[in-house]
2 protein chains.
Amino acid sequence: MAPTFSFRVLHTDGAARCGEMTTSHGVVQTPAFMPVGTRGAVKGVTPRDLREVGAEIILGNTYHLWLRPGDGLIARLGGLHRFTGWDGPILTDSGGFQAFSLGEKRAITEDGIRFRSHLDGSEHLLTPEGATEIQARLGPDIAMVLDECLAQPAPDSAVKESTERSARWARRCRDRFLALSGRGPGSCSEVAITNPGQAQFGIVQGGTVPELRTLSAERTLAIGFEAYAIGGLSVGERADTMYSVVGHTAPQLPADRPRYLMGVGTPLDIVEAVSRGIDLFDCVMPTRNARNGQLFTSEGRLTIKNARFADDQGPPDPSCACYTCRTHSRAYLRHLFVSGEIGAAVLNTIHNLRFYLDTMARVRHAIVFGTLETLRQSLQAMFSRP
Amino acid sequence: MAPTFSFRVLHTDGAARCGEMTTSHGVVQTPAFMPVGTRGAVKGVTPRDLREVGAEIILGNTYHLWLRPGDGLIARLGGLHRFTGWDGPILTDSGGFQAFSLGEKRAITEDGIRFRSHLDGSEHLLTPEGATEIQARLGPDIAMVLDECLAQPAPDSAVKESTERSARWARRCRDRFLALSGRGPGSCSEVAITNPGQAQFGIVQGGTVPELRTLSAERTLAIGFEAYAIGGLSVGERADTMYSVVGHTAPQLPADRPRYLMGVGTPLDIVEAVSRGIDLFDCVMPTRNARNGQLFTSEGRLTIKNARFADDQGPPDPSCACYTCRTHSRAYLRHLFVSGEIGAAVLNTIHNLRFYLDTMARVRHAIVFGTLETLRQSLQAMFSRP
């Protein structure tokens, strides 16, 4: 592993693990949830708010930061940590998922992903080497390889082809990463490296085909990364399909490295994945839903604009100790939301993030005490998908 | 005065006064600036943020709160303090200025102001008695009388007529206020009173005509209020005209009561008015300009979206100790603003409010040390209007 990256498992409950991931900006207790700070800010909250709700690591999006304000600018300003004011661990994705999501405006070749910027229509090519260099300049503690995200459902042949390409891209990413860190051939003197302790994670693709997941895991492990992620899930497939793929893939990843399930999910999805051996999560759900007026609570989901909350003096979640729940009533939050006040987004986001991060703490405690199945059942009762 | 309302002057420097205003929700050091919380929230900041930037009293708008969520609902929930989570002093305006500002959608008669709601076009009549009852339900520590705001410039005859009407309305407001508090004739059992310690301020109108200001002051003082405000300024007149009207009017108001200059203004306007004997201010400028990307700093105004800040690693204001200046660079704030991030409004608002409230602290210290003129000159150099 890179010198400043390490992981150790402290407790297990079945396949679930409770551990500590050490990065160049501090320790993360796992299983951990990473709030999403797309453009260098978790929307609506400050770094101080993030600390207070219990965040230990956040995620940034390479695609967005590359296009604006630019990885070169962020490198000149000392990297993402200094730029954003968040001094804890940061993980960035590779930009591939966002570029892929541009649909008509992108084309995938062996070189990489050619696309037009959503900001100004300018044309860009995101290559495995480029994604690695951009992340070297941004300076997160954990960088991700560029992978191909395939629209599902797709024929097995297309999934196989895509999985093979992702493996080739992963090799190119790793080669560039090793060159950048002086551990492999190639000159990279033109790339400003803002975080010498950066780790790089590989990504296992393979859609919902078990054999292809196994193939992708073998290929990715053969390259060798500090740790491994499972990508290409939570893209519209059924929940039980996702759980099944996770249950198939997680055990194939090294037990002594953290396992990251990308873009997942609901509180129930998270505990289901933890019980299958996953350690890291990210999802826009708590922050995006907060801005849309949906609160996650110990009593399930709550749509704050509902008229029945107009004169509800109770806190959003009676079991929650966040600033919002300590200070404000459902009636007030409804008023702010209905009035379109900025404060609605701020206060709802503080609560939803606290709920997610409290849930992760409960997950860790449950693993220590061997009661994860009980917790899973209670989250299932509250957060089953319709 | 109402039992829980009092004021005492501690120091003077010429006409300027440094004092303490005691309300039913605590003490306010004067001269004081009130951040504007139009719809029950100071846009972009929490009650905790308000405390941290040094706010001691905030303002709410009766017009907005009356229409949504409604004064009846707020009364049922215990009044504005409980509803908003701000437990310090609150002042509400009467709703007159907002109703007046609806332009084509309103008509003024002796009864009051008839208007159509900006929310749904529904027709409403705001009377002096109604404005007083709405504020009794809302429960601020300080309520304002309903006055007529006249568009300027206007012929002296129109100003005189309007001033006379405002005086008649003030009488009706005071009668209703005394009845509501059991100190005058009339039954008000149907009105829920959420703050028995509420004080009521009269408002001196009279446009820019000294004789009419004097007339209005006499009429308003004859009715008798806990304290007095100067209204109808900062509506487009020249700065020196405003200063002149304040200089003419303030000395006619009782020296043992706080004097409130409504809707003012720039840091320079404030110190100019303080030097003429004003104690209280409110203005949307720090909060609105923050959302538009304009920062008030010790070096003058700063437009954060300017390209020259793109890689400026310095804090927004090197002399400021607010959370924003302690945590973030101009480059980051520019990125957030250009990207349309919610955090831009939040962080800019925290800074601008802190700058205004720090300025008020400097004003108070200058009065104590007899150096207000020096402070006025330095603010004039930085914040003269173009």
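The following legends describe several close-up views of a predicted model.

In this predicted model, local features need pLDDT of at least 70 and side-chain atom pairs count only at pLDDT 80 or more, while totals for chains, interfaces and linings use all residues. Residues are numbered from 1 along each chain as its sequence is written, chains are lettered from A and ligands numbered from 1 in the order in which they are written, and side-chain values use heavy atoms, with hydrogens and water left out.

**Figure 1. Overall form of chain A.**
Chain A contains 15 helices and 17 strands; helices (H or I, at least four residues) and strands (E, at least two) are DSSP runs, numbered from the N terminus. The C-alpha trace of chain A spans about 65 × 45 × 40 Å along its principal axes. Of the 386 residues in chain A, 60% are buried, where buried means under 20% relative accessible area, exposed over 50%, and partly exposed in between (1.4 Å probe, protein chains only).

**Figure 2. The largest cavity.**
The largest cavity holds about 140 Å³ of space. Among the 19 residues that line the largest cavity, the closest to its centre are A:Ala41, A:Val45, A:Thr46, A:Pro47 and B:Tyr332. A cavity is a set of points, on a 1 Å grid over the protein atoms alone, where a 1.4 Å probe fits but cannot get out; lining residues have an atom within 4 Å of a point. Grid points are joined across faces, edges and corners, and a volume is the space filled by probe spheres set on the points. Helix H1 (47-53) of chain A, with helix H13 (330-338) and helix H14 (342-369) of chain B, each give at least two residues to this lining. H14(B) supplies the largest share, three residues. The lining of the largest cavity consists of 11 nonpolar, six polar and two charged residues; Ala, Val, Leu, Ile, Met, Phe, Trp, Tyr, Cys and Pro count as nonpolar, Asp, Glu, Lys and Arg as charged, and the others, Gly among them, as polar.

**Figure 3. The second largest cavity.**
About 100 Å³ of space lies in the second largest cavity. Of its 15 lining residues, A:Tyr332, B:Ala41, B:Val42, B:Val45 and B:Pro47 are the closest to the centre. Two or more lining residues come from each of helix H13 (330-338) and helix H14 (342-369) of chain A and helix H1 (47-53) of chain B. This lining has 10 nonpolar, five polar and no charged residues.

**Figure 4. Helix H13 of chain A.**
The buried residues of H13(A) are A:Arg330, A:Ala331, A:Tyr332, A:Leu333, A:His335 and A:Leu336. Their packing partners include strand S16 (294-297) of chain A and helix H2 (62-67) of chain B. A:Gly340, with a positive phi near 70°, follows H13(A).

**Figure 5. Cis peptide bonds in chain B.**
The peptide bond from B:Thr30 to B:Pro31 is cis, with omega near -5°. B:Pro31 lies in the loop between strand S3 (26-30) and strand S4 (32-34) of chain B. Another cis peptide bond, with omega about 5°, joins B:Val264 and B:Gly265.

**Figure 6. Ser234 of chain A.**
A:Ser234 is a residue other than glycine with a positive phi, near 60°. A:Ser234 counts as partly exposed because its relative accessibility is 34%.

Terms used:
On a 1 Å grid over the protein atoms alone, a cavity is a set of points where a 1.4 Å probe fits but cannot get out, and a pocket is an open set with protein on both sides within 12 Å along at least five of seven lines; lining residues have an atom within 4 Å of a point. Contact means heavy atoms within 4.5 Å.
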